Amino acid sequence: MSRTVYVNGTYMPEEEATVSIFDRGFVMGDAVYEVTCVLDGKLTEFDGHMARLARSLSELEIVCDLTRDDWLEIHRKLIEMNGVEEGGVYLQVSRGTAGDRDFHYPPEGTPPTVVLYTQSKPGLSADPKADKGIKVISVPDLRWHRRDIKTVQLLYASMAKMAAEKEGKDDAWFVEDGFVTEGSSNNCYIVKGGRIITRQLSNDILHGITRASVLKMAQEAQMEVEERPFTIEEAQAADEAFYTSASAFVMPIVEVDGVAVGAGKPGPVAKRLREIYIDESRKSAI
Ligand code: PDD
């Protein structure tokens, strides 16, 4: 069944949705995005995602007049029109187009291109992958150095994911200067002696919305959290590993570069955090 999508103020069938071939998002990767999870037909962590969107736009000086309430209305309308119970809403804002390819930004007042659509994923919260755990490989982090801005420049992340799949694994961890930065589309953690270790925030990683909530919930559950970089060797010797993202919540990792982590199956900390996170997200969804 065709989805109803949103393009620049209009709701329309996905087959009719178009943007210019000169759009900056298309020719220059000059666009930012957000993915907000939907549980029980409601939006989780909505305000966190909108705050990060505002920051990404402002860092790139892309002007977009839509307010938090406008965004909420669009998200909710799309969820309703498409009958989404579990899944997500993808939102993208590009710098628009001046009507031709040009390295210069378009003139002031050029409207951004705004696109939103839903991705229905029934059963997302009961993903069987979370019961088995996933396997990762490591690859050098060759991305640009403003990873804190959520741009659509995802080619390297996509290549890393494909490299992992080629080796029969699920995902890739990026490594820079000997330390893990993050996953291809998620933030990474290890657990050692009951302590959760994850890289501190900087321009080196995306400031995950799920990360912020999971760390808060972990601390509320009296778990110890240490924010610092860790190596692949440390991960391989850890008791547990996991990653977080809006579309996967808390996902246990059972193997890093061919070496089993801990008992080689999802550990109690990751399992507990996944439960707490999904539970709390349902309760606070809007
Ligand atoms: N990815 N790091 C990277 C590089 C990411 O792309 C993502 C999210 C995260 C986790 O952020 P959050 O918890 O706010 O989802 C970390 C989304 C889900 C995606 O690209 O589909």
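Q: What makes the contact of Arg-282 with Glu-86 a salt bridge?
A: This is a predicted model, and in it the closest N and O atoms of Arg-282 and Glu-86 are 3.8 Å apart. A salt bridge asks for a side-chain nitrogen of Lys or Arg within 4 Å of a carboxyl oxygen of Asp or Glu, so the pair qualifies.

Q: Where in the chain do Arg-282 and Glu-86 sit?
A: Arg-282 belongs to helix H8 (residues 268–284), while Glu-86 lies in the loop between H3 and E5. They are 196 residues apart, and the pair links distant parts of the chain.

Q: Why is Arg-282 called partly exposed?
A: Its relative accessible area is 30%. Buried means under 20% and exposed means over 50%, so Arg-282 falls in between and is partly exposed.

Q: Is Glu-86 buried or exposed, and how do you know?
A: Glu-86 has 12% relative accessibility, which is under 20%, so Glu-86 counts as buried.

Q: Which residues do salt bridges that share partners join into one network?
A: The network holds Asp-141, Arg-143, Arg-147, Glu-176 and Glu-182. A search of the whole structure finds 26 salt bridges.

Q: What makes Glu-34 and Arg-52 a salt bridge?
A: Their side chains meet at 2.8 Å, N to O. The limit is 4 Å, so this pair meets the rule. Glu-34 is in strand E3 and Arg-52 in helix H2 (residues 46–59), 18 residues apart, so the description given to them is a link between distant parts of the chain. Both residues are buried.

Q: Why can such side chains pair at all?
A: Side chains of opposite charge can pair when their charged atoms come close.

Q: How do you know that Asp-47 and Arg-68 form a salt bridge?
A: The N to O distance between their side chains is 2.7 Å. That is within 4 Å, so the name applies. This pair too links distant parts of the chain, with Asp-47 in helix H2 and Arg-68 in helix H3, 21 residues apart.

Q: Why are Asp-47 and Arg-68 called partly exposed?
A: Asp-47 has 42% relative accessibility, and Arg-68 has a relative accessible area of 33%.

Q: In what order do the strands of the open sheet stand?
A: The 6 strands run E2-E1-E6-E5-E3-E4, with antiparallel pairing. Strand E2 (10–13) and strand E4 (42–43) are at the edges because each has a single partner strand, which leaves one side of each without a neighbour in the sheet.

Q: What makes E1 and E6 a pair of strands?
A: Strand E1 (residues 4–7) and strand E6 (residues 113–120) are joined by 2 bridges in the antiparallel sense. Pairing needs at least two bridges, so E1 and E6 qualify. In E6, Leu-116 is the bridge partner of Tyr-6.

Q: How do you know that E5 pairs with E3 and with E6?
A: E3 and E5 share 8 bridges, and E5 and E6 share 8 bridges as well. With at least two bridges needed, E5 pairs with E3 and E5 pairs with E6. Leu-91 in E5 stands opposite Glu-34, and it also stands opposite Leu-116 in E6.

Q: What makes E5 mostly covered?
A: In E5, 7 of its 8 residues are buried. Helix H3 (residues 68–81) lies across E1, E2, strand E3 (31–39), E4, strand E5 (87–94) and E6, at about 40° to E6.

Q: Which strand runs parallel to E7 over 5 bridges?
A: That is strand E8 (residues 171–176), where Phe-174 stands opposite Val-139. Strand E7 (residues 134–140) also pairs in the parallel sense with strand E14 (residues 249–256), over 3 bridges.

Q: Why is Phe-26 called exposed?
A: Phe-26 has a relative accessible area of 61%, which is over 50%, so Phe-26 is exposed. Phe-26 sits in helix H1 (residues 24–28). Together with Ile-21, Phe-22 and Val-27, Phe-26 makes a nonpolar surface patch of about 390 Å².

Notes: Residues numbered from 1 in each chain as written. Predicted model: local features only at pLDDT ≥ 70, side-chain atom pairs only at ≥ 80, totals over all residues. Heavy atoms only, no water. Patch = residues over 30% accessible without salt bridge, like charges linked within 9 Å, V, L, I, M, F, W, Y side chains within 5 Å. Areas by Shrake-Rupley, 256 points an atom, 1.4 Å probe, with all protein chains shown as cover. Helix = DSSP H or I, 4+ residues; strand = E, 2+ residues; numbered from the N terminus. Buried < 20%, exposed > 50% of the residue type's maximum accessible area, 1.4 Å probe, protein only. Contact = heavy atoms within 4.5 Å. Axes fitted to C-alpha atoms, helices over the stretch in contact; angles between N-to-C directions.
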